[in-house]
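Look at the sequence and the structure below, then read the briefing that follows. The points are grouped by topic.

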Amino acid sequence: AGTHLLGLIVNILNYSSIDDGTAQMNMTFLKVNNLIGEAVELFQVLADEKGITISTNICSQDLYVMADPVWLERTLSNLISNAIKFNHKGGSVSISLSAVEEQVQIVVADTGNGIPAEHRDKVFEPFFRLERDVNLIHGVGIGLSMAKKTVEKMGGTIVLDSEFGKGTRVCVSFPSRIPREI
């Protein structure tokens, strides 16, 4: 309970720093390929405990973005955590990294319950939670709101697509960057 409470407090503090513009971001050329694998490793045990399969499809080409590595890792962790939390035993989560035109795209998709159409516009609002999840799943409903604000502050976009009963897909895109010569 203490660990859970500490996690909630940290998330609320992180959210407030993003929301009020005081979050410190150290933007750098960042190779995204390794970050995906590291994020997946953090959640593999949780996925195994819930009987959820995680798969990755990471582009073999080195892909770089201009982003803050800590905030991007927090965002990926949040998306992967949600994909596991809102899934079911025997479900799956897939994480892909690809280059699409001039963009680097990270997609986290799950086979969970999905989000009803009438609530899809609300999922990026702070503290919004589906009524069906309030008593079943831990959290306060700031994860997607924080992810959206963080990604946008770093110059990216985030789009959610969900079909009720079939799952959710979140796509984070950043302009592709080439690292500076050393």
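This is a predicted model: local features need pLDDT of at least 70, side-chain atom pairs count only at pLDDT 80 or more; totals for chains, interfaces and linings use all residues.

The 17 residues of helix 3 should span 24 Å at 1.5 Å a residue, and the C-alpha atoms at its ends are 24 Å apart, which agrees.

**Helix 3 and its surroundings**

- Helix 3 covers residues 69-85, and 12 of its 17 residues are buried, so that the helix is mostly covered.
- Among the buried residues of helix 3 are Trp71, Leu72, Thr75, Leu76, Asn78, Leu79 and Asn82.
- Which helix does helix 3 pass in a left-handed crossing? Helix 3 passes helix 4 in this way.
- The axes of helix 3 and helix 4 (residues 143-153) come within 10 Å and cross at roughly 145°.
- On the side of helix 3, the contact is made by Trp71, Thr75, Asn78, Leu79 and Asn82.
- On the side of helix 4, Gly143, Leu144, Met146, Ala147, Thr150 and Val151 take part.
- The residues of this contact divide into six nonpolar, five polar and no charged.

- Five strands form an open sheet with mixed pairing, in the order 2-4-5-7-6.
- Strand 2 (53-58) and strand 6 (157-163) stand at the edges with a single partner strand each, so one side of each has no neighbour in the sheet.
- On average, neighbouring strands of this sheet are turned by 15° against each other, direction ignored.
- In general, strands of a sheet pair through backbone hydrogen bonds, in either the parallel or the antiparallel sense.

**Strand 5 and its partners**

- Strand 5 (residues 103-110) is mostly covered, with seven of its eight residues buried.
- Strand 5 pairs with strand 4 (residues 92-100) in the antiparallel sense over eight bridges.
- In this pairing, valine 104 of strand 5 is the bridge partner of alanine 99.
- The hairpin of strand 4 and strand 5 has two residues between the strands, and glutamate 101 takes a positive phi near 55° there.
- Strand 5 is also joined by eight bridges to strand 7 (residues 167-175), and these two strands run antiparallel.
- Which residue in strand 7 is the bridge partner of isoleucine 106? The partner is valine 172.

**Helices across the sheet strands**

- Helix 2 (residues 32-50) lies across strand 2, strand 4 and strand 5, and runs at about 175° to strand 2.
- Helix 4 lies across strand 6 and strand 7, and runs at about 145° to strand 6.

**The whole chain**

- The protein chain holds four helices and seven strands.
- From the N terminus on, the elements run α-β-α-β-β-α-β-β-α-β-β.
- Of the 182 residues in the protein chain, 41% are buried.
- Among contacts with a separation of 6 or more, 71% are between residues 24 or more positions apart.

Definitions and conventions: Residues are numbered from 1 along each chain as its sequence is written. Side-chain values use heavy atoms; hydrogens and water are left out. Axes are lines fitted to C-alpha atoms, for helices over the stretch in contact, and angles run from 0 to 180 degrees between N-to-C directions. A crossing is left-handed if the near helix is turned anticlockwise from the far one by less than a right angle, and right-handed if clockwise. Contact means heavy atoms within 4.5 Å. Ala, Val, Leu, Ile, Met, Phe, Trp, Tyr, Cys and Pro count as nonpolar, Asp, Glu, Lys and Arg as charged, and the others, Gly among them, as polar. Buried means under 20% relative accessible area, exposed over 50%, partly exposed in between (1.4 Å probe, protein chains only). Two strands pair if DSSP finds at least two bridges between them. The expected span of a helix is 1.5 Å times one less than its number of residues.
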